[in-house]
Amino acid sequence: MEEKDRKILVEMIFLGLTPALAATINTVSAFTMGVGIIFIMLMSTLVMRLIRPFVTECNKYFVTLVITTLFASIFQMFTEAYFLDAYKNIGIYISLCSVNIMLFATAQGGAKKEEKNIVARAFLFSVVFALVVCIVGAVRELLGVGEIKLLSLSSSYLAANKFQILQKAPGAFMMASIVTAVVAFIVKKTGKKKEAN
């Protein structure tokens, strides 16, 4: 992994923590938010790439905001129509995706001429971020409730000895800290290996 990619990955984890903290109360909500992040980031970056000749330095922020808001609204309406249970948990946070710094910055990168593979990178990073959100959601649900509904997996021992704090706001911060530490460790290790080579 290149130095630039490692920095972007760390920035993504920090900048995208808002939806992660809100959506990871269970796997269904986490998975839905992950799919939403992939859809919004990929489509907004792709559209910005396509209309790049018409976007000037003066209007790029306004155009990026309109486009990310458009795709966030599309995903919000789709979720409300077909996944009402997940929508009840994350509906308001889908709206915030239109001004999420991670999504906004990636979409805005689509308008830059020097960015060659921005759409592919947006897709890759959104998938990685969605996986992180789903893993955090699965851990919080398994340890906090004793089951993972999305996978129909349950444990009577964990249900009897559940960590209820993981289903509350402090649990989200705890999991976010653990994920951040793991990502920082991986980034540091890959950096050391690259320096050794």
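The questions and answers below concern this predicted model.

Visitor: What share of the residues of the protein chain count as buried?

Guide: A residue counts as buried when its relative accessible area is under 20%. Applied to the 197 residues of the protein chain, this cut-off gives a buried share of 41%.

Visitor: Which residues touch the most other members of the largest nonpolar core?

Guide: In soluble globular proteins, nonpolar side chains tend to be buried together. Here the largest nonpolar core has 16 residues, and the elements that give two or more residues to this core are α3 (27-50), α4 (60-82), α5 (84-96) and α7 (118-145). A second, separate core has 6 residues, among them Leu166 and Val187. In the largest core, the residues that touch the most other members are Met33 and Cys97.

Visitor: Is Ile135 buried or exposed?

Guide: Ile135 is found in helix α7, and its C-alpha atom is separated by 10.0 Å from that of Met175, a residue 40 positions away along the chain. A residue counts as exposed when its relative accessible area is over 50%. Because the relative accessibility of Ile135 is 54%, this residue counts as exposed.

Visitor: Which kind of aromatic pair do Phe78 and Phe83 form?

Guide: The count of aromatic pairs comes to 4, and in the pair of Phe78 and Phe83 the rings are 6.0 Å centre to centre with 55° between the planes. Planes under 30 degrees apart count as stacked and those over 60 as edge-to-face, so an angle between these limits leaves the remaining class. Phe78, at 42% relative accessibility, counts as partly exposed, and Phe83 is partly exposed at 44%. The pair of Phe78 and Phe83 is therefore described as tilted.

Visitor: Which residues do ring pairs link into a cluster?

Guide: A pair of aromatic rings is described by the distance of the centres and the angle of the planes. In this model, ring pairs link into a cluster the residues Phe39, Phe71 and Phe75.

Methods:
Residues are numbered from 1 along each chain as its sequence is written. This is a predicted model: local features need pLDDT of at least 70, side-chain atom pairs count only at pLDDT 80 or more; totals for chains, interfaces and linings use all residues. Side-chain values use heavy atoms; hydrogens and water are left out. A nonpolar core is a set of buried Ala, Val, Leu, Ile, Met, Phe, Trp, Tyr and Cys residues joined through side-chain atoms within 4.5 Å. Buried means under 20% relative accessible area, exposed over 50%, partly exposed in between (1.4 Å probe, protein chains only). Helices (H or I, at least four residues) and strands (E, at least two) are DSSP runs, numbered from the N terminus. Rings of Phe, Tyr and Trp (its six-membered ring) pair if their centres lie within 6.5 Å; planes under 30 degrees apart count as stacked, over 60 as edge-to-face and the rest as tilted.
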